[in-house]
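Here is a short briefing on one structure.

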Amino acid sequence: MTQSVDPAVFKAFEHDGWQAVYAGYHDAFGDLTTQAVGPLLDAVGAGPGVRLLDVATGPGYVARAAAHRGAGVVGVDFSAAMVAFARRLHPGLEFAEGDAEALALPDRSFDAVVMNFGLLHLARPEQALAEACRVLRPGGRLAFTVWSKPEEAVGFRIVLRAVEAHGDLSVPLPPGPPFFRFSDPEECRRTLLAAGFVDPRVAPIPQVWRLPSPDALWEAIEGSTVRTRALLRAQRPEALAAIRAAVRAAVGAYQRGRAIELPMPAVLASAAKPTPHWPDSERSSPRGGSRTLPGKAGTGKGGDA
Ligand SMILES: C[S@@+](CC[C@H](N)C(=O)[O-])C[C@H]1O[C@@H](n2cnc3c(N)ncnc32)[C@H](O)[C@@H]1O
């Protein structure tokens, strides 16, 4: 059954979560989410002379890489703890507290906007895309990444199957938008066009999560995510022990030498803000141009990072 999303409640839940897990996220996910940074920056043409906004910057990985390419960078995140952490990691770069859904930045002030694994955490992703479009100059590009479906992103599949088998996926949590909504390339195209972008492009990014031990997946998810951490913490103690054992056993199948290697692919989507000369006929495609969004609310339970 789908539940309606209260954006304020879901945003507060996410905010509290990120305030708590910022350092754990860096330790557990930093080597994974940085694998998408090169393709993400290529998709917006980041380089010298480009003014780039990194939305939901977290520890600032994308901002740092864009600055290394010679771009002028601002990183924004709604978690004060994340912003302070990013400033500590990258002194000299500009980071600010801010909400992806209400950017305190002028219209047409950036050549490129990127969001690495941020969109799937937002209560109102369409509003964030509208804000990205507003702050972009005409002709500028937006790019975002999200996780692939759990069938492909094995770390999520293992944890979700273990909860399904030994616990309860229906424990009460603040409902959020479906976590894997943008894992569907067609949904990315449709939503980007509906937000006013043109020339949408979607591509897979192969990524591998290298973990030091069979317990590392559990520790990463339990210690450094928001939605799935809450899902696990709401399980009964005896169920939790069984879930943990099932996760450990399933991870063992991915042992490669001394390490664990979990496939964790991502989806990269990008699009451009149209210039005034962009033909109206190309502002939406026959398959992707629907302005009616499937705004189904999810239970908020699913993979998370
Ligand atoms: C999965 S982390 C991604 C961090 C980073 N971009 C990376 O490449 O690993 C998600 C980030 O989104 C931020 N976030 C979630 N909702 C947000 C919002 N409404 N506005 C700004 N940041 C938000 C969180 O604080 C967190 O730092």
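## Ligand shell, core and sheet

H1 gives the most to the shell around the ligand, supplying 4 residues. The model is predicted.

**Ligand shell**
- The ligand is surrounded by 22 residues.
- The closest of these are Trp18, Thr33, Ala56, Gly58 and Asn116.
- Two helices, H1 and H3 (61-68), each supply at least two shell residues.
- By class, the shell splits into 10 nonpolar, 7 polar and 5 charged residues.

**Nonpolar core**
- In soluble globular proteins, nonpolar side chains tend to be buried together.
- Here the largest nonpolar core holds 97 residues.
- Leu52, Ala66, Val113 and Val114 have the most contacts inside this core.
- Ala66 touches Leu41, Ala46, Leu52, Asp54, Ala71 and Val73, leaving aside residues up to four places away in sequence.

**Three-stranded sheet**
- An open sheet has 3 strands in the order E7-E9-E8.
- Its pairing is antiparallel.
- E7 (208-211) and E8 (255-256) are the edge strands, and each pairs on one side only.
- E7 and E9 (residues 259-263) run antiparallel and are joined by 4 bridges.
- Arg210 stands opposite Glu261 in E9.

Technical notes: Residues numbered from 1 in each chain as written. Predicted model: local features only at pLDDT ≥ 70, side-chain atom pairs only at ≥ 80, totals over all residues. Core = buried A, V, L, I, M, F, W, Y, C linked by C-beta atoms within 7 Å. Buried ≥ 20, exposed ≤ 12 C-beta atoms within 10 Å, placed from the backbone. Contact = placed C-beta atoms within 7 Å. Near = placed C-beta within 6 Å. Nonpolar A, V, L, I, M, F, W, Y, C, P; charged D, E, K, R; others polar. Pairing = 2+ DSSP bridges.
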